[in-house]
Amino acid sequence: MDPIQIESGQRYLTRINPKRIPHIFTDVLIIGGGIAGSRAALQIDPRLETIIVNKGKVTQSNSAYAQGGIAGVLDPLDDISNHIEDTLAAGKDLCNRELVEHVCHAAPRHIRELIEYGADFDKQDGKLALTKEGGHSHRRVAHALGDATGKELMRALVLAVENRPSIQTWTKTPTLDLVTEDGKCRGAIIWNRYHGKTLIWAKQVILATGGAGCLFRETTNPPLATGDGHALAFRAGALLQDMEFMQFHPTVLYIAGGARYLISEAVRGEGAYLRDSNGVRFMSEYHPDLELAHRDVVSRAITDRMLKTNHSCVYLDLTHLKRSLIKERFPNISEVCASFGLDLSRDQIPVRPGAHYMIGGVKTDLEARTSVPHLWAAGEVTSTGLHGSNRLASNSLLEGLIFGAAAGKGASAAALSQPDQFSASLLPEWDSEKRSDEDLNSDDLRNSLASLMWRDVGITRSAESLRDAKEKVDFWSRYVVNREFKTLSGWELQNMLLVAQLMIASAIERRESRGVHYRSDFPETDAAFQKHISVIADSRK
């Protein structure tokens, strides 16, 4: 199927005069410092100079917030073929089998490498403690700090990065755009808090910017997850695919007025029940795997139960579990709940679904190459084919780890073979006059976008809801794209509107229900749509 061609608006978000801004030169530029970006950096030959730029702090990535763990066959009673089949089953016939096999076979080695980098996984009787999560046929999820795996993995990787003299890490440095010349990626325009707009020239660029959960009102993602990498790559001419597939996590702590907080799937893996507002354990009415059915099934079941009971949430029940188990396995979740006066071992915990993981993204191959020469990508910003239409729990950190290493290896080899020559004809396609952002309330528009996406492009979609969403987003985009913003909130808004357009266009095209994409007007899976839907910038403008 040919890609959907969509207008990208201005090629660059801001006008650039190369004679008036600082220029930085490096061998490899990595945009994003989560698990994919950090692991990529560690794979770069130390003879090369590497710069990692982070929009925020390194502790603010989705990787650092990950709770449940990382999946891999580490138990002799398990088998890699089981992990492969579980991943394929979750993906609903859209996974790339060759890639799934590659990842599942590589998983144990990469988890052991994390231990070599200093990651301290939880142990039981001297061996790695493994838990079971939804969709897994065996216990194969390694975890750390009970329920703060991402925090521990990032601690180890960031320390390893800091110990490499050839790697610089810049924080609070948003990327405005990738720089391209003759179709090749040459670097990026970043915003340096000391010098403003800055050009970073690089022989090779690795995109590891994470997800887009903040497009939706209800989300587990940190505020920085605004789909920037998806928008950067699209404007640079990269092919994106599966943009209709946003995974919603079934259990997000729901306290009116409180920040949304993920309640890990591992809670249900250890035996927690889901009950509705009447106290009924309801998952038996929806799937034989009960609380450990795939995430898309559980999310829709919860949404349906909320409608039937006319209640704003459902409840997680752990009261039948041992208090010692709860304290050991879920110390951070227990602490968060306690801040709201809730005791995991005694109280019913209010939860509802929230946008969690962006499955669609920049199309990459087994070696993390994108369709743009000199541009690599890894982690949640990509669409590798591992997840198909529904990600298996705890395969995300694994994907970032494996393809981060692949991107680092490929970019390193390519950069070593390139001479130190940098040149480009930078011609920002700007009109002579642009409207400023002074008369636009970007925060209000961002909130309106998130509410619209949650309502019309959320867990349940239809032709009508998608059409309404498209009309509103297209309208907002028309008067936002032609402005030159000078702040991060404005650039994020422009990126979010663009990614929303890509997501809506892909969802309209997929006239079936598959995995995390559910169309109430096409509730069945259709073999005619056992294919990927791709989008690319319209080259005819």
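1. Two strands pair if DSSP finds at least two bridges between them; strands (E, at least two residues) and helices (H or I, at least four) are DSSP runs, numbered from the N terminus. Strand 13 (residues 240–241) and strand 19 (residues 361–363) pair in the antiparallel sense over 2 bridges. Within this pair, Leu240 stands opposite Val362 of strand 19.

2. The model is predicted: local features need pLDDT of at least 70 and side-chain atom pairs count only at pLDDT 80 or more, while totals for chains, interfaces and linings use all residues. Residues are numbered from 1 along each chain as its sequence is written, and side-chain values use heavy atoms, with hydrogens and water left out.

3. The protein chain has a mean pLDDT (the predictor's confidence in each residue, from 0 to 100) of 91, and 96% of its residues reach 70 or more. Confidence is lowest in strand 22 (residues 435–436), with a mean of 61, and highest in strand 20 (residues 375–377), at 98.

4. An open sheet of 5 strands runs in the order 1-24-13-19-21, with mixed pairing. Strand 1 (4–6) and strand 21 (382–383) each have a single partner strand, so one side of each is left without a neighbour in the sheet.

5. Asp122 sits in the loop between helix 4 (97–116) and strand 5 (123–124). Asp122 is buried (under 20% relative accessible area, 1.4 Å probe, protein chains only) but has no salt bridge (a side-chain nitrogen of Lys or Arg within 4 Å of a carboxyl oxygen of Asp or Glu). The nearest side chain of opposite charge, Arg329, is 4.8 Å away.

6. The side chain of Asp122 reaches the backbone nitrogen of Leu145 at 3.0 Å, and one of its polar atoms lies 2.9 Å from the backbone nitrogen of Gly146.

Methods: Buried means under 20% relative accessible area, exposed over 50%, partly exposed in between (1.4 Å probe, protein chains only). Lys and Arg count as positive and Asp and Glu as negative; His and the chain ends are not counted. A polar contact is a pair of N or O atoms within 3.5 Å; within protein, one must be able to donate a hydrogen and the other to accept it, and residues adjacent in sequence count only if both atoms are side-chain atoms.
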